[in-house]
Amino acid sequence: MSIAFTFPGQGSQAVGMGKDLAEAFPEAAAVFAEVDEALGEKLSDIMWNGPEETLTLTANAQPALMAVSMAMIRVLEARGLDLKNKVAFVAGHSLGEYSALCAAGTFSIADTARLLRIRGNAMQAAVPVGKGAMAAIIGLEHADVDEVCREASALGSCQIANDNGGGQLVISGEKQAVEKAAALASEKGAKRALMLPVSAPFHSSLMAPAADAMRDALAKVEKRDPSVPLVANVLAAPVSDAGEIARLLVEQVTGQVRWRETVEWFAANNVTTLYEIGSGKVLTGLARRIDKAVNGIAVNTPADIDTALAALQS
């Protein structure tokens with residue numbers, strides 16, 4: 001039986017996140033200070049005081065979520081956690097993959113913050129506002145959603161962006177095509193087909209300019225092989241080579257986040273517990289819906305720390 005650490009993606013942000021950690025632990029406060037310095041601005045002030053619409057901007061939410069995850073990692077490590085010896089794998093949902101790699105030592109905190117700022121800005125700039133869209137499709141199989149995307153592609157780019165498990169898939173692409181696919185999904189018997197309030201069509205072919213920006217950014221940053229393997233979004237399989245990881249991070253910008261398959265891979269490879277490190281409990285909820293044999297545990301408040309450490313060090 002083994003353990004994996006998972007790291008949340010966009011949507012898990014909330015005003016006030018990480019403030020209790022910073023107030024309780026100097027190691028956490030140091031992470032937020034380091035991220036502020038790397039970005040040349042007080043992102044921590046936006047995180048703790050809002051306004052929400054500023055925190056939710058992609059260029060802010062991505063480094064902010066990483067900062068909370070890394071603050072928790074540093075607190076756990078200061079209290080005796082040896083990631084390499086206690087954790088078999090890391091994984092993260094979309095931007096969470098960068099948090100996972102930072103935790104495993106592939107990137108420094110400062111470089112990760114800067115990479116995520118570049119990523120957020122590039123994703124936002126890739127498509128004019130109003131041209132792209134995303135929709136959540138609930139209650140259809142992957143193959144059925146793939147089929148409606150193909151059918152709707154006559155009107156423009158449309159593809160599966162996230163397979164989150166539990167019958168929840170997210171599609172992404174040109175607005176007209178995504179709206180058509182959502183309507184077709186409803187006709188096929190989807191429980192819900194809901195247009196999402198997002199600012200860009202993430203994880204679609206329309207993000208190609210952002211993928212180019214990340215290829216350039218990742219080529220310039222120092223990378224080390226992770227101390228534990230990363231189960232990559234676009235593979236749903238482990239990788240340990242820093243060069244391959246950089247290539248997959250580029251592919252991830254336009255590719256599908258295969259989260260259901262990632263959790264299924266964990267279950268098939270004797271990973272019994274997934275600790276969600278950072279803000280929120282989204283991945284913990286998804287784990288329960290994907291495979292009951294996998295136990296999801298959210299570690300995101302000071303109160304969670306002693307409980308997690310007791311279990312991890314037993």
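**Exercise 1. Describe the largest pocket: what is its volume, and which residues are closest to its centre?**

Step 1. The volume of the largest pocket is about 800 Å³. A pocket here is an open set of points on a 1 Å grid over the protein atoms alone, where a 1.4 Å probe fits, with protein on both sides within 12 Å along at least five of seven lines. The volume is the space filled by probe spheres set on the points, which are joined across faces, edges and corners.

Step 2. Gln-10, Gly-11, Asn-162, Leu-196 and Val-198 are the closest to the centre, out of 32 lining residues; a lining residue has an atom within 4 Å of a point.

Step 3. By type, the lining divides into 14 nonpolar, 16 polar and two charged residues. Ala, Val, Leu, Ile, Met, Phe, Trp, Tyr, Cys and Pro count as nonpolar, Asp, Glu, Lys and Arg as charged, and the others, Gly among them, as polar.

Step 4. Elements that each supply at least two lining residues include α5 (58-78), α8 (109-125) and β4 (158-165). Helices (H or I, at least four residues) and strands (E, at least two) are DSSP runs, numbered from the N terminus.

A note on the model: it is predicted, so local features need pLDDT of at least 70 and side-chain atom pairs count only at pLDDT 80 or more, while totals for chains, interfaces and linings use all residues. Residues are numbered from 1 along each chain as its sequence is written, and side-chain values use heavy atoms, with hydrogens and water left out.

**Exercise 2. Examine the nonpolar cores: which helix gives the most residues to the largest one?**

Step 1. The largest nonpolar core has 80 residues, and Phe-5, Met-47, Val-90, Met-207, Leu-218 and Ile-277 have the most contacts inside it. Such a core is a set of buried Ala, Val, Leu, Ile, Met, Phe, Trp, Tyr and Cys residues joined through side-chain atoms within 4.5 Å.

Step 2. Helix α5 gives the most to this core, eleven residues.

Step 3. Apart from this core lies another, of 19 residues, including Ala-135 and Leu-169.

Step 4. Of the 21 residues of α5, 18 are buried. From first C-alpha to last, α5 reaches 30 Å, close to the 30 Å expected at 1.5 Å a residue; the expected span is 1.5 Å times one less than the number of residues. After α5 comes Gly-80, with a positive phi near 110°.

**Exercise 3. Find the cis peptide bond: which residues does it join?**

Step 1. The bond joins Gly-50 and Pro-51, with omega about 5°.

Step 2. Pro-51 is in the loop between α3 (43-49) and α4 (52-55).

Definitions and conventions: Buried < 20%, exposed > 50% of the residue type's maximum accessible area, 1.4 Å probe, protein only.
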